Amino acid sequence: MFSSIVLALSLVATAVAHPYPTLPSCRDVTIPVSVNVKRYVIDATINDNWDVVALTLNLTRRDFGNSSDPLPVAGMTAAPVESKFDIGATLCGRGGPMLILTHGIIESKLYWRPTFENAEEYNFVEAAVAAGYSVLSYDRIGVGSSSKVDALSDAQFQVEAAVLDSLVDYARQATNTTKVALVGHSYGSYISVASAISKTTAIDAVVLTGFAGGFSYFPPFLAGSGFRVARLQDPVRWGDLDSAYLISVDLFSETYVYFGEAQDFERRVAEWSHSVGSEPFAVGELPSLIASSPLDFAAVTAPVLVLQGQFDLSACGGNCVGLLEPLKSDFSGAKVVETVDNLPAGHNLNLHKVAPQAFGMIFDFLKRQGV
């Protein structure tokens with residue numbers, strides 16, 4: 001699916017300050033990768049928040065995707081475009097099967113390893129290491145500690161899937177792991193599916209959260225987020241990003257789209273998620289994802305687990321019960337397909353009170369698949 005992916009195996013250690021003690025088995029690394037894929041020509045101009053409002057209307061109209069309201073994609077480059085990126089990652093564990101974690105939009109790798117006080121029950125990385133796994137969590141390009149890239153021409157779905165392909169090679173070659181599972185959240189789940197298609201023989205299991213396989217319920221998420229230009233919203237934090245990086249308007253809009261019912265999460269966690277965990281996303285990501293779809297789910301051969309908070313807005317319109325059943329036939333090539341659609345949580349499953357039980361379900365699934 002993706003071509004000419006070259007992995008640079010040199011590894012540079014980086015130092016990151018953490019407010020709380022970290023696992024002694026973790027280290028921050030920079031992984032250079034080179035990708036060579038065609039790019040979509042994104043037909044969008046974002047200079048200010050008025051432009052964001054116009055784009056949001058385009059992406060949430062009832063006729064979105066029809067000829068009367070076309071996707072803001074003007075075509076594709078005639079030839080692949082080569083780019084080199086530095087991927088900021090954290091590698092944890094002392095051996096064992098490798099889990100490669102890909103986060104969604106409006107977040108970073110901190111989603112998997114939050115830094116607020118007493119965050120242990122929400123820490124997927126620590127739970128995974130305790131269960132015997134090694135873990136590679138990383139910031140997608142344009143986010144956090146990874147290379148800052150053009151939000152329209154570089155931060156595109158097929159480019160990010162190629163980056164993950166390279167990280168799979170890194171995990172196999174540089175760490176000598178014998179088993180690799182992809183764990184994705186939201187947009188990161190789609191990237192994980194694409195890599196599982198591309199790297200069929202290298203992937204031993206796939207876990208998808210914040211995912212129902214389609215885009216029918218994206219409009220409430222896009223409208224509810226009240227997106228703004230990140231560099232205008234917080235010049236101190238994001239002033240170095242170009243104007244096509246967007247962020248949610250405030251804590252309450254972000255809570256609406258990412259959290260579930262009030263009794264299922266702690267307000268302090270939602271506050272941390274907005275003030276610390278949130279990262280802008282690039283305008284090029286969603287149009288390129290939709291233009292790349294439908295993905296060939298049937299080409300995934302590894303066992304698949306889809307694990308959902310019941311009240312996920314963007315994946316299920318706020319109620320996932322019964323909506324995941326078609327995925328069992330969509331992933332017809334997978335050795336095993338299991339779904340869970342009723343956990344008491346919203347979109348950001350890991351940041352809800354049910355997180356420890358969700359983590360346990362993931363590890364149980366992986367171990368039953370021999371991972």
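Predicted model: local features only at pLDDT ≥ 70, side-chain atom pairs only at ≥ 80, totals over all residues.
What is the handedness of the crossing of α3 and α4? The crossing is right-handed. The structure holds four cavities of 30 Å³ or more, and about 130 Å³ of space lies in the largest cavity.

**Helices α3 and α4**

- Helix α3 spans residues 157-174 and helix α4 spans residues 187-198. Their axes come within 9 Å and cross at roughly 60°.
- The two helices α3 and α4 are therefore oblique to each other.
- On the α3 side, the contact is made by F157, E160, A161, L164, D165 and V168. On the α4 side, Y187, Y190, I191, S192, A194, S195 and S198 take part.
- Sorted by class, the contact of α3 with α4 has eight nonpolar, three polar and two charged residues.

**Helices α5 and α8**

- The axes of α5 and α8 are 8 Å apart, and the packing angle is about 165°.
- That angle makes α5 roughly antiparallel to α8, because angles over 145 degrees are counted in that way.
- The crossing of α5 past α8 is left-handed.
- From α5, the residues P220, F221, G224 and S225 make the contact. From α8, the partners are S253, Y256, V257 and Y258.
- This contact of α5 with α8 has five nonpolar residues, three polar residues and no charged residues.

**Helices α8 and α9**

- Helix α8 (residues 251-258) also packs with helix α9 (residues 267-277), at an angle of about 115° and with the axes 10 Å apart.
- The angle makes α8 roughly perpendicular to α9.
- Here the crossing of α8 and α9 is right-handed.
- Residues L251, E254 and T255 of α8 meet A270, E271, S273 and H274 of α9.
- The classes in the contact of α8 with α9 are two nonpolar, three polar and two charged residues.

**Largest cavity**

- The space in the largest cavity is about 130 Å³, and 15 residues line this cavity.
- Of these lining residues, S186, Y187, Y190, F218 and S314 are the closest to the centre of the cavity.
- The elements α4, α5 (218-225), α10 (285-292) and α11 (313-316) each give two or more residues to the lining of the largest cavity.
- By class, the lining of the largest cavity has ten nonpolar, five polar and no charged residues.
- Two of the residues named for this cavity, Y187 and Y190, are also named on the α4 side of the contact with α3.

**Second largest cavity**

- About 90 Å³ of space lies in the second largest cavity.
- Its lining consists of V52, L55, T56, L59, L222, F227, L246, F281, V283, L286 and P287.
- Two or more residues of this lining come from α1 (49-60), and two or more come from α10.
- Helix α1 gives four residues, the largest share of the lining of the second largest cavity.
- The lining of the second largest cavity divides into ten nonpolar residues, one polar residue and no charged residues.
- Helix α10 is listed among the elements that give two or more residues to the lining of the largest cavity, and is listed likewise for the second largest cavity.

How values were computed
Residues numbered from 1 in each chain as written. Heavy atoms only, no water. Axes fitted to C-alpha atoms, helices over the stretch in contact; angles between N-to-C directions. Parallel < 35°, antiparallel > 145°, perpendicular 65-115°, else oblique. Left-handed = near helix turned anticlockwise from the far one by under 90°. Contact = heavy atoms within 4.5 Å. Nonpolar A, V, L, I, M, F, W, Y, C, P; charged D, E, K, R; others polar. 1 Å grid on protein atoms, 1.4 Å probe; cavity = no way out; pocket = protein on both sides within 12 Å on 5 of 7 lines; lining within 4 Å. Points joined across faces, edges and corners; volume = space filled by probe spheres on them.
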